[in-house]
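Subject: Handover of a structure

Hello,

I am passing this structure on to you.

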Amino acid sequence: MNIITENLRKVYIRQNADSVEVFNNINMDIKSGEKIALVGPSGVGKSTLIHILGLMDRPTSGKVLIDGIDCFASNDAYLCKMRRENIGFMFQFHYLLADFTVLENVLLPVWNDKQKKESEARDILNRVGLSDRMKHFPSELSGGEQQRAALARALINNPKVIFADEPTGNLDRNTGKEVEKILFDSSNNNNITLILVTHNEELAKKSDRIINMNTGEEMQ
Ligand SMILES: Nc1ncnc2c1ncn2[C@@H]1O[C@H](COP(=O)(O)OP(=O)(O)O)[C@@H](O)[C@H]1O
Ligand SMILES: [Mg+2]
């Protein structure tokens with residue numbers, strides 16, 4: 001999937017307070033299968049940007065073209081369908097549902113087809129190293145295991161692109177590296193476009209491009 005942004009601008013309007021312009025004039029062209037590391041200090045707008053690219057929030061102005069289609073010209077139902085069929089998302093905090101098992105959590109995005117998709121979910125959980133944790137609840141897992149379960153959930157709809165918002169920001173360094181490696185491997189093996197917010201320089205260097213949101217400059 002090719003993702004192009006044109007003059008993307010986001011302003012948070014706050015009741016009875018100053019509005020916050022997070023960014024203005026963001027222009028990107030992300031090719032299918034590319035791996036992008038998005039870096040920059042806290043508060044610069046990384047989360048805001050990938051929520052918009054992942055069609056979870058609308059920009060104030062500007063366009064996001066996915067394979068040439070102007071997504072925000074469409075209604076919420078279209079955005080939702082587009083997300084369900086093409087996009088996987090990993091958050092800094094896993095957001096797994098506490099009352100569902102790991103296997104059930106992975107099946108959530110495809111709940112209407114959960115019987116049909118169960119063997120695929122098991123395969124994906126094997127691949128992320130959680131074959132013996134499928135019947136466990138999220139609170140019974142370590143931080144790294146929770147993020148690997150969140151990755152499995154992001155993979156269940158065979159996405160063309162995965163957005164990962166500091167998925168290891170909450171983990172110790174070694175566990176974080178391990179999770180990011182599995183994320184990279186999944187992207188490589190399935191030609192999934194990866195847009196990753198990370199503070200891990202080593203990993204950022206392994207991506208195709210590093211975009212610094214503070215300066216707007218590309219670092220490799
Ligand atoms: N819902 C919101 N309402 C008002 N301001 C917000 C909201 N969400 C984020 N912001 C502000 O927008 C800026 C960018 O936030 P964010 O995208 O979370 O940055 P980052 O992910 O790079 O740390 C920050 O100044 C933050 O305070
Ligand atoms: Mg953030």
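Predicted model: local features only at pLDDT ≥ 70, side-chain atom pairs only at ≥ 80, totals over all residues.

Residues are numbered from 1 along each chain as its sequence is written, chains are lettered from A and ligands numbered from 1 in the order in which they are written, and side-chain values use heavy atoms, with hydrogens and water left out.

Ligand site

The shell around ligand 1 consists of Tyr12, Arg14, Val22, Pro41, Ser42, Gly43, Val44, Gly45, Lys46, Ser47 and Thr48; a residue is counted here if one of its heavy atoms lies within 4 Å of the ligand. By type, the shell has four nonpolar, five polar and two charged residues (Ala, Val, Leu, Ile, Met, Phe, Trp, Tyr, Cys and Pro count as nonpolar, Asp, Glu, Lys and Arg as charged, and the others, Gly among them, as polar). Helix α1 (residues 46-53) gives the most to this shell, with three residues. Helices (H or I, at least four residues) and strands (E, at least two) are DSSP runs, numbered from the N terminus.

Oxygen atoms of ligand 1 lie 3.3 Å from a polar backbone atom of valine 44 and 3.0 Å from a polar backbone atom of glycine 45. An oxygen atom of ligand 1 is also 2.8 Å from an N or O atom in the side chain of lysine 46. Taken alone, ligand 1 exposes 560 Å², and the protein buries 61% of that (accessible areas by the Shrake-Rupley method with a 1.4 Å probe).

Parallel sheet

Five strands make an open sheet with parallel pairing, in the order β6-β7-β8-β3-β9; two strands pair if DSSP finds at least two bridges between them. β6 (87-90) and β9 (209-212) are at the edges with a single partner strand each, so one side of each has no neighbour in the sheet. On average, neighbouring strands of this sheet are turned by 15° against each other, direction ignored. Axes are lines fitted to C-alpha atoms, for helices over the stretch in contact, and angles run from 0 to 180 degrees between N-to-C directions.

Four bridges link strand β3 (residues 35-39) to β9 in the parallel sense, and leucine 38 has isoleucine 211 in β9 as its bridge partner. Helix α2 (residues 76-86) packs on the sheet, touching β6 and β7 (161-165), and its direction makes about 80° with that of β6; contact means heavy atoms within 4.5 Å. Helix α6 (residues 173-190) lies across β3, β6, β7 and β8 (193-197) and runs at about 160° to β8.

Antiparallel sheet

Another open sheet has four strands in the order β2-β1-β4-β5, with antiparallel pairing. Its edge strands are β2 (20-30) and β5, each pairing on one side only. β1 and β2 are joined by seven bridges, and lysine 10 stands opposite phenylalanine 23 in β2. Strand β1 (residues 3-12) pairs with strand β4 (residues 61-66) over five bridges, where isoleucine 3 has isoleucine 66 as its partner. Isoleucine 66 is also the bridge partner of isoleucine 69 in β5. β4 and β5 form a hairpin with two residues between them, and aspartate 67 in the turn has a positive phi of about 45°.

Regards

Technical notes:
Polar contact = N/O pair within 3.5 Å; in protein donor to acceptor, adjacent residues only side chain to side chain.
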